[in-house]
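Please look over the chain shown here.

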Amino acid sequence: MEYEIRIGDSQPMRGHAVFDVPLAAMDDTPLSTTIRIPALTAVSVVQELGAGNASYRISGTMTLVYRGRREVAFEREGQLSDLLNGQH
């Protein structure tokens, strides 16, 4: 998975994750990863949060390997408080 995350108007944080998990068709399996925030970007994120701008946007592409390779794009946006409270 390749992704980009923005919090408020902060600089984008980019990364990737590898999941070696079998998924069934139409499955609803939660996947999680650790996101590392560079120090300079962390300062920007803290400033955004301090200004009350707690929105987020994550987008990217997940590559599924099954009878070849398939790329699936994803995008989600909302409020950080929803993520922290377990609401997706």
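The report goes from the whole chain to single residues.

**Overall layout**

This is a predicted model. The chain has 2 helices and 4 strands. Read from the N terminus, the order of elements is β-β-α-β-β-α. Along the principal axes, the C-alpha atoms fill a box of roughly 45 × 25 × 20 Å. The chain has 88 residues, of which 22% count as buried. Take the contacts between residues at least 6 apart in sequence: 49% of them join residues at least 24 apart.

**Surface**

The accessible surface of the chain is about 6900 Å². Carbon and sulfur atoms account for 52% of that area. One nonpolar patch on the surface is formed by Val21, Leu23, Leu31, Leu64 and Val72. Together these residues have about 360 Å² of accessible area. Leucine 23, one of the patch members, sits in the loop between strand S2 (13–16) and helix H1 (39–50). Its relative accessible area is 44%. Leucine 23 counts as partly exposed because 44% falls between the cut-offs of 20% and 50%.

**The N-terminal residue**

Methionine 1 lies in the segment before strand S1 (2–7). What does methionine 1 touch beyond its neighbours within four places in sequence? Its contacts there are Gly15, His16, Ala17, Phe19, Thr33, Thr61, Met62 and Phe74. Isoleucine 35 is 34 residues from methionine 1 along the chain, and the two C-alpha atoms are separated by 12 Å.

**Charges and salt bridges**

The chain carries 8 positive and 11 negative charges. The mean positions of the two sets are 7 Å apart. Side chains of opposite charge can pair when their charged atoms come close. How many salt bridges does a search of the whole structure find? It finds 3. They are set out in the table.

| Side chain | Partner | N to O distance |
|---|---|---|
| Arginine 6 | Glutamate 4 | 3.8 Å |
| Arginine 14 | Glutamate 4 | 3.1 Å |
| Glutamate 75 | Arginine 57 | 3.1 Å |

Start with the pair of arginine 14 and glutamate 4, whose side chains meet in a salt bridge. This pair links distant parts of the chain: arginine 14 is in strand S2 and glutamate 4 in strand S1, 10 residues apart. Arginine 14 is exposed, at 62% relative accessibility. Arginine 6 also meets glutamate 4 in a salt bridge. Arginine 6 is partly exposed, with 32% relative accessibility.

Now take glutamate 75 and arginine 57, which form a salt bridge at 3.1 Å, N to O. Glutamate 75 belongs to strand S4 (residues 69–79) and arginine 57 to strand S3 (residues 55–65), so this pair ties together parts 18 residues apart in sequence. At 53% relative accessibility, glutamate 75 is exposed. Arginine 57 is partly exposed, with a relative accessible area of 30%.

Methods: Residues are numbered from 1 along each chain as its sequence is written. This is a predicted model: local features need pLDDT of at least 70, side-chain atom pairs count only at pLDDT 80 or more; totals for chains, interfaces and linings use all residues. Side-chain values use heavy atoms; hydrogens and water are left out. Buried means under 20% relative accessible area, exposed over 50%, partly exposed in between (1.4 Å probe, protein chains only). Contact means heavy atoms within 4.5 Å. Accessible areas come from the Shrake-Rupley method with a 1.4 Å probe; for residues, only the protein chains shown count as cover. Lys and Arg count as positive and Asp and Glu as negative; His and the chain ends are not counted. The place of a charge is taken as NZ of Lys, CZ of Arg, CG of Asp or CD of Glu. Patches are made of residues with over 30% relative accessible area and no salt bridge: like charges are joined within 9 Å, nonpolar side chains (Val, Leu, Ile, Met, Phe, Trp, Tyr) within 5 Å. A salt bridge is a side-chain nitrogen of Lys or Arg within 4 Å of a carboxyl oxygen of Asp or Glu.
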